Amino acid sequence: MKKWITGAALALAAMAGSAYADGHEAYPERPILMMVSYGAGGATDFQARIVTMTAGNEDALGMPIAIVNRPGAGGRVGWNWFASEAEADGYTLGAYNIPHFIAQSIEGGVSYSADSFEPIANWGADPAVFVVGADSAFNSMEDVVNYAKENPGGLTFSGAGLFVGHHIAALQLEKAAGVKLAYIPNNKGGAGAMRAVIAGEVLGGVNNLSDAFRAREAGNVKILGVFDLERNEEFLPDVATMMEQGFEIDNASVNFRGVMVPKGTPQPIIDKLAATVPAMFENGRVQSRMAAGGSPMNIMTRDEVLEMWAARQATLEELLAGL
């Protein structure tokens, strides 16, 4: 009797294991959601909709990906939900922004860290830029810094939130230029921060290159400097880096964007996504739409993203400790 029970248990375990494996092999069997921690119209939302548009193709995932926005508090609302409430079953993905969620976890007061998530692939790297309204009297970063020196704390400028790439860039500018600035986080994210600049509600702003490129093309802003190690020759070859303009500012604020899943997602699903998603980003239609929107691409595999996350963690710990 005991042998029969043992044999039956092993058979049931084998059947369950087979069903488990079969379920993963069939993944995905229904449409997938991807949570974006910023509002509709901002750079992350704009790009996420483009890079997922071929997900339903047979040579991709074979199921569409729908974007769900959970904005608020510079991304904290969405990432807190993703870390603590999202199902780890492969049917709820998340868009990540680095340095945002890593810097926020270092500062504390959130329910997530890099250990809360599993990266899948990176689609882009969007430098921060300094923008002013098209009719602004500022025509260079020297003009901006001189005004800040003459009016301590009087230079108002917008960004997408606290301890996001925009805020990191602002902190670096304050330190490099030896000035005190009035950084105003916008509760509508990057899109709201850009509208504040265009409407003249602030004297300037730090925003994403991609958003700023489209706003400049529309004649709404001037772009005075790039927070990166090199100029962006594809979209802004005429705009000098901060270093070129005399400010020792590196690329710590560059906004890497990609796809992740919650910790605990079954490894076969992670492997399927990691093998498929980078090819989605390489699709010609995706790349042409990203280029038309002024959105720099930087495709990385899961292993490359893991290395990037670790490197950014170390950089941000050092940077924030010194500010």
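Predicted model: local features only at pLDDT ≥ 70, side-chain atom pairs only at ≥ 80, totals over all residues.

Q: What is the order in the open sheet of five strands?
A: That open sheet runs 7-6-8-5-9, and its pairing is mixed. Its edges are strand 7 (182-185) and strand 9 (221-227), each of which pairs on one side only. On average, neighbouring strands of this sheet are turned by 30° against each other, direction ignored; here axes are lines fitted to C-alpha atoms, for helices over the stretch in contact, and angles between N-to-C directions run from 0 to 180 degrees.

Q: How many bridges join strand 6 to strand 7?
A: Strand 6 (residues 156-159) is joined to strand 7 by four bridges, and the two run parallel. Within that pairing, Phe157 has Tyr183 of strand 7 as its bridge partner.

Q: And strand 5, what does it pair with, and in which sense?
A: Strand 5 pairs with strand 8 in the antiparallel sense over four bridges, and six bridges join strand 5 to strand 9, again antiparallel. Ala128 has Asn208 of strand 8 as its bridge partner, whereas Val132 stands opposite Lys222 in strand 9.

Q: Is strand 5 covered or open?
A: Strand 5 is mostly covered, with six of its six residues buried; buried means under 20% relative accessible area, exposed over 50%, and partly exposed in between, using a 1.4 Å probe and protein chains only.

Q: Which helix lies across strand 5?
A: Helix 6 (residues 165-177) lies across strand 5 (128-133), strand 6, strand 7, strand 8 (204-208) and strand 9, and runs at about 130° to strand 8.

Q: Switching topic, what is the order in the open sheet of six strands?
A: The six-stranded open sheet has the order 2-1-3-10-4-11, with mixed pairing. Strand 2 and strand 11 (297-300) are its edge strands, each pairing on one side only, and neighbouring strands of this sheet are turned by 25° against each other on average, direction ignored. Helix 3 (residues 76-84) packs on the sheet, touching strand 1, strand 3, strand 4 (117-126) and strand 10 (255-262), and its direction makes about 135° with that of strand 3; contact means heavy atoms within 4.5 Å.

Q: Why is strand 1 largely enclosed?
A: Strand 1 (residues 32-36) has four of its five residues buried, so it is largely enclosed by the rest of the structure. Strand 1 runs parallel to strand 2 (residues 65-69), joined by five bridges, and Met35 has Val68 of strand 2 as its bridge partner. Strand 1 also pairs in the parallel sense with strand 3 (residues 92-98) over three bridges, where Leu33 has Thr92 as its partner.

Q: Which residues touch the most other members of the largest nonpolar core?
A: Phe101, Phe130 and Trp309 do, in a core of 83 residues. A second, separate core of 16 residues includes Val131, Val197, Val226 and Phe235. A nonpolar core here is a set of buried Ala, Val, Leu, Ile, Met, Phe, Trp, Tyr and Cys residues joined through side-chain atoms within 4.5 Å.

Q: Which residues of helix 4 are buried?
A: They are His100, Phe101, Ile102, Ala103, Gln104 and Ser105, so named for helix 4 (residues 100-107), where six of eight residues are buried. What covers these buried residues includes helix 3, strand 3, strand 4, helix 6, strand 10 and helix 11 (302-321). Helix 4 is followed by Gly108, whose phi is positive, near 95°.

Q: And what share of the whole protein chain counts as buried?
A: Of its 323 residues, 54% count as buried.

Conventions
Residues numbered from 1 in each chain as written. Heavy atoms only, no water. Pairing = 2+ DSSP bridges.
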